[in-house]
Amino acid sequence: MGGTLAVTLLRRLGQAAVVLLLVSMVAFALVLLTGDPVAMMMPIHASEADRRVLEQQLGLDRPYVVQYVDFLVGIGRGELGSSIKFNQPVGALVLSKLPATLLLAFTAMALAVGVGLPLGILAGSRPNSLFDAVATGISLLAISLPTFWIGLILILIFADRLRLLPVGGSGTAVHVIMPALALSAHSMGLITRLTRASVAEELQRPYVITARSKGLSDRLIGYRHVLRNAMIPTVTVIGLQFGALLGGSVIVEAVFSWPGIGWLLMQGVYARDVPLVRALVLLIGAGFILVNLLVDLSYRLLDPRIR
């Protein structure tokens with residue numbers, strides 16, 4: 001079993017490396033496809049000589065292939081260049097903002113799982129009941145509403161009218177409440193719907209009928225058998241949603257002025273900060289890849305048939 005696990009891990013790591021290489025290509029080409037970054041950064045009255053100097057500083061005067069190879073070599077060395085807007089190394093700048101985004105993402109995921117899983121389990125175990133209808137309606141509403149709109153409504157109610165929470169910023173525990181609620185809404189609704197469908201489907205399986213005929217209680221059947229089988233698709237969605245929270249935090253961080261990598265990415269895009277934007281796109285892509293890898297490996301713990 002240990003050898004099989006090692007082979008599986010090596011295979012997944014190889015696949016992750018290939019995907020990460022493709023992400024690096026997208027990160028490198030993304031800025032170039034959106035226009036000439038030098039023209040966007042230079043003032044209107046700048047001369048052609050000033051333009052050439054800036055191109056040389058950014059390395060944009062060389063062929064694209066050479067630029068991409070230098071980009072990969074820099075990644076391997078941990079050298080991502082210097083931010084044009086903030087005038088400091090990109091690596092240090094990103095690392096300074098990453099804890100805020102991880103705090104927001106983990107808090108939002110804890111809310112999504114902590115609310116979505118119980119709602120889905122209770123609704124799936126009571127199909128076609130009033131509770132099922134209410135839980136399904138709440139989940140559909142959470143999935144349908146745009147994240148930025150939810151954020152604005154939260155600000156209007158809890159910050160402007162009730163004066164209970166700060167409008168934005170960071171620094172204390174109360175600052176993370178509204179951004180985490182807004183960011184978790186879509187994931188919460190998705191987890192609720194999927195868990196409800198999985199539990200309801202598992203309750204109709206023949207093994208549940210057999211277990212009941214042997215005299216096992218519904219609670220024992222639910223915890224020992226139904227939930228474990230129903231969690232396999234839910235774990236997949238939870239993992240993917242955590243990756244989506246890292247990328248989706250851009251809008252929430254902009255609405256609430258949360259100083260994370262999403263806010264930093266917005267600043268880099270506005271300033272056409274080529275090294276900063278490339279590093280952040282690569283980081284978000286790597287986060288998705290890592291989460292998918294962990295989800296794949298978790299299947300072996302949940303489903304003995306995979307082992």
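Tutor: Ala, Val, Leu, Ile, Met, Phe, Trp, Tyr, Cys and Pro count as nonpolar, Asp, Glu, Lys and Arg as charged, and the others, Gly among them, as polar. This is a predicted model, where local features need pLDDT of at least 70, side-chain atom pairs count only at pLDDT 80 or more, and totals for chains, interfaces and linings use all residues. Residues are numbered from 1 along each chain as its sequence is written, and side-chain values use heavy atoms, without hydrogens and water.

Student: What makes the lining of the largest cavity four nonpolar, three polar and no charged?

Tutor: The lining is Leu-119, Ile-138, Ser-139, Ala-142, Met-188, Gly-189 and Thr-192. Leu, Ile, Ala and Met are on the nonpolar list, and Gly counts as polar. That gives four nonpolar, three polar and no charged.

Student: Why is a space called a cavity and not a pocket?

Tutor: On a 1 Å grid over the protein atoms alone, a 1.4 Å probe fits in a cavity but cannot get out; a pocket is an open set with protein on both sides within 12 Å along at least five of seven lines; lining residues have an atom within 4 Å of a point. The largest cavity holds about 30 Å³, and the largest pocket about 460 Å³.

Student: Why is H5 called oblique to H6?

Tutor: The axes of helix H5 (residues 90-125) and H6 cross at roughly 140 degrees and come within 8 Å. Angles under 35 degrees are roughly parallel, over 145 roughly antiparallel, 65 to 115 roughly perpendicular, and the rest oblique. So H5 is oblique to H6.

Methods: Points joined across faces, edges and corners; volume = space filled by probe spheres on them. Axes fitted to C-alpha atoms, helices over the stretch in contact; angles between N-to-C directions. Helix = DSSP H or I, 4+ residues; strand = E, 2+ residues; numbered from the N terminus.
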